[in-house]
Amino acid sequence: MDVEFNRNTNTSTMAINNHILAITLSLISFIAVVGNLLNLMIIYRCRSPHNINTYLITNLAIIDLMTGLITLPIVVIISLSSLHIHPVLCQLQAFLLVFFYGASLSTTTAISFDRCIAISLPYYYNSVRTYQRAKIQAVILWLLPLLIAIAPIIGLGRYSYTSMLCWINISDYSHNFSITVITIIYIFTAIIITVICNIIILIIVYPKSVQILTGHRNIKKSLKTTLLIVGSKLITWLPLSIMILTEFIHQSTPALPNIFAVIIILLSCSNAASNPIIYLLTHQHLATKLKSWLHHKKFKTNIIAVAPANKPSISGNLIAIDRTSNF
């Protein structure tokens with residue numbers, strides 16, 4: 001009787017946690033899609049020259065957009081149908097999760113490294129950084145996580161349903177030892193490089209480079225945005241990374257309360273939504289462009305709404321607005 005009661009209680013608790021996870025992930029997915037589309041649109045319409053850092057952040061916005069548009073909705077479906085998961089859907093969700101979040105992590109590391117070199121060696125940076133090299137780097141940033149994500153599908157490991165989503169079963173040494181070791185090395189190498197680069201920027205280089213930075217306004221403007229984006233990535237990735245490492249060392253899933261597992265998953269998934277918010281709030285030029293664009297759209301809508309009452313004069317005003325509009 002007690003065993004049956006405990007089983008029903010655990011099932012009920014798991015169902016509640018899955019619903020909380022699904023609702024929150026749906027909100028994160030919506031913010032990620034809208035926010036990153038807005039970012040990409042404003043960056044595209046921005047007439048100022050784009051530097052390498054902008055291209056890297058654009059790459060990150062594309063990754064986060066795809067995460068919110070494709071990956072997170074599938075995670076929501078998985079969390080709501082945990083007892084009846086189609087194997088193909090589970091494999092697809094795990095592949096997309098590893099691929100896009102791996103690409104997000106590698107791009108974050110690339111952004112940190114790019115800013116570190118730009119701040120510490122600005123003249124060298126300007127002489128060696130070209131758009132051709134940036135394109136090659138972008139391909140590598142997508143290729144490495146793709147290889148890791150596809151490995152379990154072609155037999156070098158196994159994806160399975162573990163704790164509210166499909167993922168690599170870290171404690172299954174017999175099937176996943178090699179891919180788990182590769183994944184852990186990939187994650188912690190990226191995190192260590194990111195941390196070292198930001199320590200160099202904050203402690204060693206930045207206090208000694210005020211005069212140098214004064215002559216490089218683009219570098220100085222992008223530094224705050226970069227540090228906030230990278231910092232948010234580390235905060236949201238570290239709990240999951242530590243849990244993966246702990247599970248690998250002890251060969252068993254850490255005995256965490258379900259609510260903590262939900263929080264860790266939500267933190268790791270919130271990356272896709274946090275980056276566009278940070279970028280829009282800290283990048284003054286893009287924020288100004290966004291306000292100008294919204295004001296222009298609202299103003300034009302109001303004019304069109306009034307148009308039938310005053311056709312001759314409004315038509316002339318519309319022509320004048322079209323000629324003088326900068327957006």
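**View 1. Ser79 in helix α2.** Ser79 counts as buried because its relative accessibility is 1%. Buried here means under 20% relative accessible area, exposed over 50%, and partly exposed in between (1.4 Å probe, protein chains only). Ser79 sits in helix α2, residues 52-80. Helices (H or I, at least four residues) and strands (E, at least two) are DSSP runs, numbered from the N terminus. A polar atom of the Ser79 side chain lies 2.8 Å from the backbone oxygen of Val76. Setting aside residues up to four places away in sequence, Ser79 touches Asn18, Leu21, Ala22 and Met164. Contact means heavy atoms within 4.5 Å.

This is a predicted model: local features need pLDDT of at least 70, side-chain atom pairs count only at pLDDT 80 or more, and totals for chains, interfaces and linings use all residues. Residues are numbered from 1 along each chain as its sequence is written, and side-chain values use heavy atoms, with hydrogens and water left out.

**View 2. The whole chain.** The protein chain holds 12 helices and two strands. Along the sequence, the pattern runs α-α-α-α-α-β-β-α-α-α-α-α-α-α. The chain has 327 residues, and buried residues make up 45% of them. Take contacts between residues at least 6 apart in sequence: 79% of these join residues at least 24 apart. The chain exposes about 17,600 Å², with carbon and sulfur atoms supplying 70% of that area. Accessible areas come from the Shrake-Rupley method with a 1.4 Å probe; for residues, only the protein chains shown count as cover.

**View 3. The largest nonpolar core.** This core has 53 residues. Leu21, Leu25, Tyr159, Trp167 and Ile244 have the most contacts inside it. Helix α3 (residues 87-120) gives the most to this core, with 11 residues. A nonpolar core is a set of buried Ala, Val, Leu, Ile, Met, Phe, Trp, Tyr and Cys residues joined through side-chain atoms within 4.5 Å. Trp167 touches Ala94, Leu97, Val98, Arg158, Tyr159, Ser160, Thr162 and Ile244, not counting residues up to four places away in sequence. A second, separate core has 14 residues, including Ile52, Leu60, Tyr125 and Ile278.

**View 4. Leu60, a member of the second core.** Leu60 belongs to the separate core of 14 residues. Its place is in helix α2. Leu60 is buried, because its relative accessible area is 2%. Beyond residues up to four places away in sequence, Leu60 touches Ser104, Thr107, Thr108, Ile111, Ile229, Lys233 and Asn275. Leu60 and Ala138 are 78 residues apart along the chain, with 9.9 Å between their C-alpha atoms.

View 5. Cys197 lies in helix α6, residues 173-205. Its relative accessibility is 5%, so Cys197 counts as buried. Apart from neighbours within four places in sequence, Cys197 is in contact with Ser112, Phe113 and Cys116. Ala110 is 87 residues from Cys197 in sequence, yet the C-alpha to C-alpha distance is 10.0 Å. Asn198 is also in helix α6. At 9% relative accessibility, Asn198 counts as buried. Asn198 touches Ser112, Leu227 and Val230, with residues up to four places away in sequence left out.

**View 6. Ile191 in helix α6.** Ile191 is found in helix α6. With a relative accessible area of 5%, Ile191 is buried. Leaving out neighbours within four places in sequence, Ile191 is in contact with Leu105, Leu234, Leu238 and Ser241. Ile191 and Lys233 are 42 residues apart in sequence; C-alpha to C-alpha, they are 9.4 Å apart.

**View 7. The salt bridge of Arg115 and Asp114.** A search of the whole structure finds one salt bridge. The side chains of Arg115 and Asp114 meet in a salt bridge at 2.7 Å, N to O. Both residues, Arg115 and Asp114, are buried. A salt bridge is a side-chain nitrogen of Lys or Arg within 4 Å of a carboxyl oxygen of Asp or Glu. Side chains of opposite charge can pair when their charged atoms come close.

**View 8. A nonpolar surface patch.** Ile136, Val139, Ile140, Leu143, Leu144, Leu146 and Leu147 make a nonpolar surface patch of about 600 Å². Patches are made of residues with over 30% relative accessible area and no salt bridge; like charges are joined within 9 Å, nonpolar side chains (Val, Leu, Ile, Met, Phe, Trp, Tyr) within 5 Å. Leu147 lies in helix α5, residues 131-150.

Definitions and conventions: A polar contact is a pair of N or O atoms within 3.5 Å; within protein, one must be able to donate a hydrogen and the other to accept it, and residues adjacent in sequence count only if both atoms are side-chain atoms.
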